[in-house]
Structure formats: C-alpha cells, structure tokens
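Here is a short briefing for a first look at this structure. Keep the sequence and the 3D view at hand while reading.

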Amino acid sequence: MKAPRRLLLIVLCSVGFSAVYILLCCWACLPFCSAFCLDPHLSIKSRPTVPGPLHFSGYSSVPDGKPLVREPCRSCAVVSSSGQMLGSGLGAEIDSAECVLRMNQAPTMGFEADVGQRSTLRVISHTSVPLLLRNYSHYFQQARDTLYVVWGQGKHMDRALGGRTYRALLQLTRMYPGLQVYTFTERMMAYCDQVFQDETGKNRRQSGSFLSTGWFTMILALELCEEIVVYGMVSDSYCRWPWARPPSAGATILSGQREQMTALSSEACGKV
C-alpha cells in the first residue's frame, strides 16, 4: 500500500509544480503567451519575438573597429536629399517614425515642416565628409545622438594606412567623445556591388557605374528596419515611364522583401 501512495504523491506534486511553472511563465511574458493561447493559428514568423540588440557586422566603428550593435527599428523613415521634399509638409509624419535615416549633408534646420527634425542615422559618402566638416558644430556637436555611417573605398578610407577621410573621422571622435561614427566594411561594400549586379544584371565596375548614398542607405535600412517608408525617391516606374515621373515627394511604404528589392531597382536605374 505504501508504494501506490508514494507514487500517487509524486504524480500530484509533479502536476502541481507544472501548473505553478506554467502560470509563472505566462505571468512573466504575458504578450507572448497570449499570442499563442488566443490565436493558435498565428504563424511562427508573425509571432512576437523577444526584442534585443543585434550585431551588424557590415559596419565598423571608428576607431576600435567593433561592429554596430543596436536595437532594430520597427518603423523607419528614409528621407532623401531631393528637392522634391520642398513643400511636401511631411515633416511631422517623418518625425513620427521610430528611426529617421538621412543622407549626406541634407539639412533639417529651416525645413522642419517638410523633412522633420529628427536624425537617428545619417549615411554619408566619403566625398561628403569635408562638406559636413564645414558645419561640424551643427552636425556633430548639436546632433550628438545621431549615428553616422560613412561609405567609401580606396586609399582615403584605408584604416591601416590612415587614409585622409579616415583620419578626419578619427579626429572627429577625438573632438567629440561619445560620437558614434561607423564605416562600411570592405565586405559590405562588396555585398552592395553584388546586390547591384543581381538587380540590374550588370557588373558595376565593368559598366562604369557608381552607387549613390541612396543605394547604401537602402541597403542599411533593409538590415535595420522592419518597415520602411521612403520619402523623396523615385518610384519603380521612373526608368520605364520617363514621361510620367511624379513631381511630388510622396511616400513609398516597404514592408515585404519584393517591395524592398523594387526600391533598390528604382534607385539603381539611374546609375546604369
């Protein structure tokens, strides 16, 4: 009789501990549990994931060379430097995005109603670094929360040899401790070339094409953002229908991989 009672006691304790464990789990991560319990048909991809910082190995910090580590952005506004933005009145909408990506030395001061005033990331061409340095107090002193990502190849960006552009970035980090400056790695630059070839069917070097800052910004946005709204860039029909090019800024929402690649194709069409 003792053995059956002992077995029953073990079973009851196991059931009790399991019930307590499940209740504690659901209490600790209620949104996750609710998604599974309330909607059992929810797909694996659409179920909420635990947020956390990601490592973006294609971007190397100045001067220590560490990869970019940050939280992904749920929504991104990618704002071009185009004059199409003038008079758009989209500033408040742009600033409402979780992350705002800008390019080169595109100004915000005085144009807040059209382009907004927030700058989460600014993607910069190596040739535009001297232009930002002319107004360094605005770009690097007043906008200390902005993360700067510089793209470029060749001797000017060479870290080992101390290229001219890299030395300028190094000096900036010394002038403004805590300034976040990154560069595209050589591997990421090669990847951008490969994406261009995949999208256009042309080898960038052999065709004599040059990639724009808009191209590199979209590549970064594809990695960083869950949803992208593009402001001031041409639509995917820009190259095919030159007589019907939109005169206004507009906003293109990108949430799927096909749409994102379409945006890259439209950005590439003017570079071929």
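A cavity here is a set of grid points where a 1.4 Å probe fits but cannot get out. The model is predicted. A search of the whole structure finds 1 cavity of 30 Å³ or more. The protein chain has 272 residues, and 39% of them are buried. Its secondary structure comes to 11 helices and 9 strands.

**The cavity**
- The largest cavity holds about 40 Å³ of space.
- Its lining is made by Ile124, Val129, Leu132, Phe140, Tyr148, Val150, Leu169, Leu172 and Val181.
- Helix H5 (129-133), strand S6 and helix H7 each give at least two residues to that lining.

- Strand S5 (residues 121-125) runs parallel to S6, and 5 bridges join them.
- Within that pairing, Val123 stands opposite Val149 of S6.
- S6 is also joined to strand S7 (residues 180-184), by 4 bridges, and these two run parallel.
- Here Tyr148 stands opposite Val181 in S7.
- From S6 the chain passes through helix H7 (residues 164-175) to reach S7, and this β-α-β crossover is right-handed.

**Strand S1 and its partners**
- Strand S1 (residues 54-61) and strand S2 (residues 67-70) run antiparallel, joined by 4 bridges.
- Ser60 has Pro67 in S2 as its bridge partner.
- S1 and S2 form a hairpin, with 5 residues between them.
- Gly65, in the turn, has a positive phi of about 75°.
- S1 pairs with S7 as well: 3 bridges join them, and they run antiparallel.
- Tyr59 has Phe184 in S7 as its bridge partner.

**Nonpolar cores**
- Nonpolar side chains tend to be buried together in soluble globular proteins.
- How many residues does the largest nonpolar core have? It has 33, and Tyr59 and Phe184 are those with the most contacts inside it.
- Helix H10 (residues 213-224) gives the largest share of this core, 7 residues.
- Another core, of 16 residues, lies apart from it; Tyr139, Tyr166, Leu172 and Tyr176 are among its members.
- Leaving out residues up to four places away in sequence, Phe184 touches Gly58, Tyr59, Val123, Val149, Val150, Trp151, Met189, Cys192 and Phe216.

**A residue in helix H10**
- Thr217 lies in helix H10.
- Is Thr217 buried or exposed? Thr217 counts as buried because its relative accessible area is 0%, and the cut-off for buried is under 20%.
- Its contacts include Val78, Leu101, Met103 and Val123, not counting residues up to four places away in sequence.

**Contacts along the chain**
- Take the contacts in the protein chain with a separation of 6 or more: 62% of them join residues 24 or more positions apart.

Notes:
Residues numbered from 1 in each chain as written. Predicted model: local features only at pLDDT ≥ 70, side-chain atom pairs only at ≥ 80, totals over all residues. Heavy atoms only, no water. Pairing = 2+ DSSP bridges. Right-handed = clockwise from strand over helix to strand, strands pointing away. Core = buried A, V, L, I, M, F, W, Y, C linked by side-chain atoms within 4.5 Å. Buried < 20%, exposed > 50% of the residue type's maximum accessible area, 1.4 Å probe, protein only. Contact = heavy atoms within 4.5 Å. 1 Å grid on protein atoms, 1.4 Å probe; cavity = no way out; pocket = protein on both sides within 12 Å on 5 of 7 lines; lining within 4 Å. Points joined across faces, edges and corners; volume = space filled by probe spheres on them.
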